[in-house]
Amino acid sequence: MKTNILLLVLIYTLFSCHHTAKEADQSYLIETITMPEGLTAEVAALDFLPDGRLVAAFMRGEVMIYDPKKSSWSLFATGLHEPLGMLVVDDKEILIMQLPELTRIRDTDGDGIADDYETVYDDFGMTANYHEFAYGPVKDSKGNLYIALNSASSGGDISPEVRGTYNADGKGEQRAMFAVVPYRGWIMKITPEGKAIPFASGFRSPNGLVLDENDNLYVTDNQGDWVASSPLYHVREGQFYGHPASLVWDDRWNKGNPFEWSTDSLDQLRDKPAVIFPHDVIANSPTQPIVVRKGMNMDHFLGQLLIGEMNTERIVRVMLEDIDGMTQGATTILLQGQGLRKGNNRLAIAPDGSLWTGQTDHGWLGDRGIQKIIATNRVPFDIKNIRLEKDGFELEFTKPFSDAPASDITPLLAVKKYNYHYHAKYGSPRINETEVRILQATEDHKTNKLKLNLGKMEKGFVYEIKIDSLYSKDRRDTLTNKIVAYTVKKTK
């Protein structure tokens, strides 16, 4: 009997060591959460209660609470209409952005189930078009809330009875998204006193909002008509971001149907993306951004944005910088595969620093359910940051890289630049694509930096840098993600 026990202990020890060694080789561990039986787990929104329990809203209208310590689910609310946004106020109150309104739901008697539903804001138009989604809210340091209202789709109908004033100038003759009722295609700001202020216009399908610690608002949009390749915008009050339909609801607009304006005139009017996600390279359908903060075991990416991606098993990363008052930057991949599923529609950070992703396939390409992502102590060998120089870029890596001279590293790099049409057609191919010659590369192994001299830089282009077969100095790792794409709005 003693021999058998010793044998079992030895087998368990060997298995545990193998398991630990396997985990030690990975920078991210992914756990799939078991969903309630019978639930259509199309995740619409995620947030956390202060005590670490997860609140999840689903497209069919349920709001449920998951206790990670007990691996148990409980029902908090039902009957909501496509609740694509959520903000936890405290352990008894949640703000939910559903299709027709922003709603406050509360548990007033402490039994764990919402019993009070209050309309916070519903003074925006609806036509019953299937594509009139609504997102948010996010909250700034002054208590203002921000929500985003989707434009309507030409592939859907309009009800004979609409909510709000009808304006036919919000729709063009071509098959494009439209905004015939207020304030489709807008970001709205709601003050603590409840006043709604039209904040910024020109959005097609802004399925993701986030505020950083300085109250900078970032919004993702999705490729389509007037959106060449999916962008991330740094959204500022009073600005127009490119989709013409929503202009008719701007009090300053007095020029009739914006679809009849020339493309060049609209292009001059719009604020360009801070980052463009190259289609079929980085992201085809970006979703919820979050800001990397302390406690996530990802201090090497502190302050950067992580963004969900619907179409592939991927979460992407964005590195931003300020160039003479202009926010711009680059994107690369954080995590791809390794057990991660498609349809990453919502991201949320738990109080313990773990990253949670909610997935959906509600009429889109994706999967269903929730996964938890833990960053291990193994820092990935990756591009930590990229900064624009007057004549190129400075790349910083998370670890010391090959101590080979830059002349040996240069052949591993390929740079090209391209841009896109701004037009009414759905998306755009890359245009003006050109290989960019690296004139000189200079390495600084003390700071893990590599400078690339590319000559004169051109604004209005995406510069895509591909790095192949670059090893860390200890030869343990090759570069995790080999492509980074920088959007140059402004040169130095």
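This is a predicted model: local features need pLDDT of at least 70, side-chain atom pairs count only at pLDDT 80 or more; totals for chains, interfaces and linings use all residues.
Close-up A. Q304 is located in the loop that links β18 (286-291) to β19 (305-309). Apart from its neighbours within four places in sequence, Q304 is in contact with I290, V291, V292, R317, V318, M319, K384 and N385. With one of these residues, R317, Q304 also forms a polar contact, side chain to side chain, at 2.8 Å. R293 is eleven residues from Q304 in sequence, and the C-alpha atoms of the two residues are 8.4 Å apart in space.

**Close-up B. Q359 and its polar contact with R341.** Q359 belongs to strand β23, which comprises residues 355-359. The relative accessible area of Q359 is 0%, so this residue is buried. A polar contact of 2.7 Å joins the side chains of Q359 and R341.

**Close-up C. The open sheet of four strands, β14-β15-β16-β17.** The strands follow one another in the order β14-β15-β16-β17, and their pairing is antiparallel. Because β14 (209-211) and β17 (275-276) each have a single partner strand, they stand at the edges, and one side of each is left without a neighbour in the sheet. In general, the strands of a sheet pair through backbone hydrogen bonds.

**Close-up D. Pairing of strands β15 and β16.** Four bridges connect strand β15 (residues 217-220) with strand β16 (residues 231-235) in the antiparallel sense. The bridge partner of L217 in β16 is V235.

Conventions: Residues are numbered from 1 along each chain as its sequence is written. Side-chain values use heavy atoms; hydrogens and water are left out. Helices (H or I, at least four residues) and strands (E, at least two) are DSSP runs, numbered from the N terminus. Buried means under 20% relative accessible area, exposed over 50%, partly exposed in between (1.4 Å probe, protein chains only). A polar contact is a pair of N or O atoms within 3.5 Å; within protein, one must be able to donate a hydrogen and the other to accept it, and residues adjacent in sequence count only if both atoms are side-chain atoms. Two strands pair if DSSP finds at least two bridges between them. Contact means heavy atoms within 4.5 Å.
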